[in-house]
Amino acid sequence: MSEAVNSLSTPTLASVTPAPSTAVVKTPPVLGERGFLALSWLVPFVLLLAWEGFARLGTLSPQVLPAPSKVLLTAWNLIQEGRLLSDLGSSLLRAIAGFVIGGSVGFILGTLVGFSRLAEALLDRSVQMVRAVPFLAALPLVIVWFGVDEGGKVFLVSLGVMFPIYINTVLGIRQIDPKLIELARVIGLSNRTLIRRIILPGALPSILAGVRYALAVAWLALVIAETIATNSGIGSLAMDAREFLRTDVIVLTIVIYAGIGVVSDAIARVLERRLLAWHPNYARRSAL
Amino acid sequence: MTTHTTTHEIESPAVSVHGLRRRYGERTVISGLSLQIARGEFVALLGESGCGKTTLLRALSGLDAIDGGRIDGPKLPAVVFQEPRLIPWDPLWRNVSLGLDDRSGKPLARAALEEVGLGDRIDDWPRNLSGGQAQRVALARALVREPRLLLLDEPFAALDALTRIRMHALVRQLVARHRPGVLLVTHDVDEAILLADRVLVMRAGAIAGEYVVSHEAGRSRAHPEAQELREHLLVELGAAVE
């Protein structure tokens with residue numbers, strides 16, 4: 001039946017509108033996909049060139065904003081001295097330690113509260129109260145507790161990371177479709193299998209969103225902590241530079257912080273794309 | 001239970017229910033219901049909304065506790081719900097083998113998916129399936145366990161008419177091959193006559209009528225016996241049109 005309809009309608013259609021040749025199917029946009037991409041990179045490049053130009057002409061005082069080339073040169077010198085990489089290393093270590101500690105605590109608490117009404121009654125209100133405090137307000141107290149040691153900075157990062165992970169874990173677990181849990185009961189899954197196969201994977205999109213947010217918070221916490229009190233790390237590099245009015249070094253540290261932020265966000269994106277290949281919102285480039 | 005054919009009575013029943021009672025608070029939903037389904041027998045359960053069909057099915061599936069009576073049957077019958085309830089983050093074969101041993105699960109899942117005509121999609125994600133395909137995966141997931149009892153809770157209600165016709169043929173074929181006892185809860189009188197060996201009408205928490213469908217009547221809607229049964233069932237359900 002449907003074949004008959006097709007064989008009837010095709011020639012009619014073809015006679016009305018002649019089959020378009022492939023070359024003129026669409027009017028091309030002004031620039032095309034590549035053109036727009038190039039343009040989007042061209043703008044920051046031109047701004048950078050302008051910055052360099054004004055700095056060289058002396059319109060921009062080097063005390064205010066040194067030329068990008070000068071910043072690059074400074075980076076090179078600091079690498080040669082060995083200071084830049086060791087400072088970068090100690091900053092990264094702090095961030096990772098804080099992220100792992102805060103992330104674990106947030107995840108464990110979130111899982112408990114997500115699963116158990118009792119845990120929720122015991123923990124959730126207190127956690128929410130502490131969360132209401134802007135964690136940076138605790139900074140003076142942290143300095144009193146830990147001095148300028150590693151502990152204080154790791155603590156501050158942990159504190160900042162913990163809450164987004166906690167909240168998103170609870171939310172993720174609560175959002176699981178109850179019909180899937182019913183299915184698991186009908187099939188006779190053990191509690192362990194239920195958690196492993198249904199609850200945690202179902203909560204993962206929400207948890208990963210928490211991770212991405214937590215990464216940004218981690219860097220913010222680290223910048224603040226290192227700027228206030230430290231004797232190693234990118235923040236201390238910036239503080240030392242401030243005393244000697246080395247704006248080139250200061251600009252360099254800002255660029256490094258920005259770079260780390262971009263890289264960590266990219267890592268989080270890759271994680272999402274790999275772990276959430278099943279999810280329609282993340283599946284643009286999956287094979288299937 | 002003396003009405004249906006003798007072939008079913010040789011084997012032990014897939015499930016037998018004696019004097020089942022189920023209450024929600026003060027309200028009695030099922031009162032003293034008895035029912036037996038033989039292995040390989042296809043029973044359809046018709047009834048208006050709220051008559052206790054779904055409650056009966058949930059009790060049989062072990063999802064809800066019962067307040068009285070006895071259910072002798074498998075602890076974990078296979079259930080197909082109105083929605084496919086596939087796990088979106090598992091590829092099809094992992095959905096089908098859910099709850100099976102990881103190593104033996106994949107070949108079993110592959111065979112089950114081949115049976116429902118999706119053998120080439122075992123690594124695909126559920127989001128890429130149409131409604132009918134997803135419901136076929138749910139059928140494969142139910143049958144991969146070779147259940148003694150298969151409970152179908154209006155599994156075709158959400159499908160379009162053509163897909164539903166194809167699903168009817170597939171279910172018939174699968175049930176003939178695997179021979180579980182089947183209880184199909186449905187609103188659709190034609191579907192019940194077409195698929196079932198026996199049609200039960202449920203009213204106010206009890207079985208109000210029981211009809212054996214002859215082989216010929218189940219074959220064709222135009223068969224006079226099928227038409228007569230259809231009229232009769234519609235009257236029973238209070239939906240007859242003058």
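This note sets out numbered points on the strands, helices and loops of a predicted model.

1. Basis of the note. Residues are numbered from 1 along each chain as its sequence is written, and chains are lettered from A and ligands numbered from 1 in the order in which they are written. As the model is predicted, local features need pLDDT of at least 70 and side-chain atom pairs count only at pLDDT 80 or more, while totals for chains, interfaces and linings use all residues. Helices (H or I, at least four residues) and strands (E, at least two) are DSSP runs numbered from the N terminus.

2. The sheet of chain B. Six strands make an open sheet with mixed pairing, in the order E5-E6-E7-E3-E8-E9; two strands pair if DSSP finds at least two bridges between them. Strand E5 (78-80) and E9 of chain B are the edge strands, each pairing on one side only. From one strand to the next the twist averages 20°. Here and below, axes are lines fitted to C-alpha atoms, for helices over the stretch in contact, and angles run from 0 to 180 degrees between N-to-C directions.

3. E5(B) and E6(B) run parallel and are joined by 3 bridges. Within this pairing, Val80(B) has Leu152(B) of E6(B) as its bridge partner. H5(B) packs on the sheet and touches E5 and E6 of chain B, its direction making about 170° with that of E5(B). Contact between two residues requires their C-beta atoms, placed from the backbone, to lie within 7 Å.

4. Strand E8 of chain B. Strand E8(B) (residues 198-203) is largely enclosed by the rest of the structure, because 5 of its 6 residues are buried. A residue is buried if 20 or more other C-beta atoms lie within 10 Å of its own, exposed if 12 or fewer, and partly exposed in between, with C-beta atoms placed from the backbone. E8(B) runs parallel to strand E3 (residues 42-46) of chain B, with 4 bridges joining them; Leu46(B) stands opposite Val201(B) of E8(B).

5. The E8-E9 hairpin. E8(B) also pairs in the antiparallel sense with strand E9 (residues 206-212) of chain B, over 6 bridges. Val199(B) is opposite Tyr211(B) of E9(B). The two strands form a hairpin with 2 residues between them, and Ala204(B) in the turn has a positive phi of about 50°.

6. Helix packing in chain A. The axes of helix H3 (residues 68-81) of chain A and H11(A) come within 9 Å and cross at roughly 85°. The two helices are therefore roughly perpendicular to each other (angles under 35 degrees count as roughly parallel, over 145 as roughly antiparallel, 65 to 115 as roughly perpendicular and the rest as oblique). H3(A) contributes Lys70(A), Val71(A), Thr74(A) and Ala75(A) to the contact, and H11(A) contributes Asp248(A), Val249(A), Val251(A), Leu252(A) and Val255(A). By class, this contact has 6 nonpolar, 1 polar and 2 charged residues; Ala, Val, Leu, Ile, Met, Phe, Trp, Tyr, Cys and Pro count as nonpolar, Asp, Glu, Lys and Arg as charged, and the others, Gly among them, as polar.

7. Loop residues with positive phi. Leu245(A), in the loop between helix H10 (234-243) and helix H11 (247-275) of chain A, has a positive phi of about 55° although it is not a glycine. Leu245(A) counts as exposed, with 11 C-beta neighbours inside 10 Å. Glu146(B), in the loop between helix H5 (131-143) and strand E6 (149-153) of chain B, has a positive phi near 45° and counts as exposed, with 11 C-beta neighbours inside 10 Å.
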